[in-house]
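Student: Could you help me learn to read a protein model? I would like to start with single residues and then look at how they pair.

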Amino acid sequence: MVGSRARRHDGGGGDGEPGEHGLAARLSKFWVGWQDLAIAPDSGAAAAVVLESAAQLSAQIAGGYRSVATQWTDTRASADRAVVQVNAAATQIAELNAEIRNALAAGRSANELIDRRDSLVQVTARLVGARGTLESDGTMTVRVDGNALVSGSESRSLTLDGPVSMDENGTLTVSWSGASDFPVAVDGGELGGMLSVLAPADDGGTLAGIARSYNAVATALADMVNAQHRLGATASGQPGGDFFTVSETGPAALGLQVAVHDASDLALAAPGAGPLDAGNANAISEIGRRALSPDAIWTEAVGALAVGTAGDIQRAELSDAAAITATTAQRSVAAVDGDEETIDLLTFQSAYQAAARVLTAIDESLDVLINRTGIVGR
């Protein structure tokens with residue numbers, strides 16, 4: 001969302017968060033299912049609802065994580081394309097610089113070439129925040145991070161290195177081609193925004209931060225529900241076991257699974273309280289109200305994302321307004337050369353005067369032919 005446009009965050013399954021199909025709503029339904037089961041601990045239907053709700057909850061957390069990972073991959077591909085576009089524009093700017101310099105040295109008009117070059121410079125400015133400086137020979141030097149991307153008829157190229165998936169460690173870096181130890185700080189333009197979004201969670205990366213929140217929700221959900229479930233007893237008096245399992249490898253959001261598959265394995269009662277007791281089920285239904293519950297973790301994550309997105313939108317609107325103003329001002333003087341226009345005006349004026357003299361001569365000739373023919377010698 002960054003330099004770039006903010007994307008709508010999905011709570012998994014394609015519906016925005018918050019919403020009736022979002023993760024917050026799914027967590028709430030999960031706790032309500034336990035509350036209903038506490039009211040009717042002998043209800044097979046209520047037990048089935050809890051198990052089904054748990055399966056849907058784990059699937060939604062996994063789906064949300066995969067959605068964020070897909071967005072990361074798509075944005076990474078867009079960053080690669082932006083680098084390719086910048087390199088292509090730099091090559092063309094250098095070629096146009098050479099043509100413009102030669103045309104001006106030969107006294108020819110270079111307005112059309114200048115317009116084409118200015119358009120390409122605007123592309124580099126939009127993509128990487130490049131800045132152009134007009135030189136005395138008519139060429140333009142284009143700089144990125146203070147170093148020349150284009151100087152005269154010579155151009156350099158950028159390269160993007162780093163992880164190709166969100167789960168890989170490392171940070172995406174832009175450097176000069178052939179000099180990987182010479183990084184380029186791209187803080188502006190669309191590429192700068194994409195790099196900000198793709199940054200690791202510890203560096204404020206939006207997508208990695210959301211993925212971390214999904215992992216935190218999955219971990220907290222498994223830990224807190226399992227801890228409480230172990231304190232209870234099943235209808236047969238057996239101690240409760242883990243309700244969820246989390247894979248020890250890979251993201252927690254993708255490894256969250258329901259460990260209980262039969263209603264008889266649900267530890268609804270307090271130990272020794274009898275098969276119709278539902279004290280432990282009630283305690284599980286209250287987990288969502290705790291300070292460090294999965295619900296609290298997700299609410300904080302969504303709130304932080306909303307605040308960040310609002311700021312990004314505001315900055316994008318201000319940038320768009322400034323860009324429109326600058327483009328309008330640039331177009332108002334594009335292809336206008338004062339000296340050339342003055343010469344053209346004098347040329348047209350002389351041509352008009354010559355045409356007027358021709359018409360006057362023709363008029364006088366017609367007057368002689370019409371009014372004086374045949375009267376000579378009278």
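Tutor: Happy to! Start with Arg-76: its relative accessible area is 7%, so Arg-76 is buried, since buried means under 20%. Keep in mind that this is a predicted model.

Student: Which residue forms a salt bridge with Arg-76?

Tutor: First the general idea: side chains of opposite charge can pair when their charged atoms come close. Here the partner is Asp-80, with the closest N and O atoms 2.7 Å apart. Both residues sit in helix H2, four residues apart, which is about one turn of the helix. Asp-80 is partly exposed, at 31% relative accessible area.

Student: How many salt bridges are there by this rule?

Tutor: The count comes to six. Another one joins Arg-230 and Asp-242, again with 2.7 Å between the closest N and O atoms. Arg-230 belongs to helix H5 and Asp-242 to the loop between H5 and strand S8, so this pair ties together parts that are twelve residues apart in sequence.

Student: Is Gln-60 buried or exposed?

Tutor: Gln-60 counts as buried, because its relative accessibility is 10%. It lies in helix H2, and its side chain makes a polar contact with the side chain of Arg-26 at 3.2 Å.

Student: Which residues form a nonpolar patch on the surface?

Tutor: They are Val-358, Leu-359, Ile-362, Leu-366 and Ile-370, with about 500 Å² of accessible area together. Take Leu-359 in helix H9: its relative accessible area is 60%, so Leu-359 is exposed.

Notes: Residues are numbered from 1 along each chain as its sequence is written. This is a predicted model: local features need pLDDT of at least 70, side-chain atom pairs count only at pLDDT 80 or more; totals for chains, interfaces and linings use all residues. Side-chain values use heavy atoms; hydrogens and water are left out. Patches are made of residues with over 30% relative accessible area and no salt bridge: like charges are joined within 9 Å, nonpolar side chains (Val, Leu, Ile, Met, Phe, Trp, Tyr) within 5 Å. Accessible areas come from the Shrake-Rupley method with a 1.4 Å probe; for residues, only the protein chains shown count as cover. A salt bridge is a side-chain nitrogen of Lys or Arg within 4 Å of a carboxyl oxygen of Asp or Glu. Helices (H or I, at least four residues) and strands (E, at least two) are DSSP runs, numbered from the N terminus. Buried means under 20% relative accessible area, exposed over 50%, partly exposed in between (1.4 Å probe, protein chains only). A polar contact is a pair of N or O atoms within 3.5 Å; within protein, one must be able to donate a hydrogen and the other to accept it, and residues adjacent in sequence count only if both atoms are side-chain atoms.
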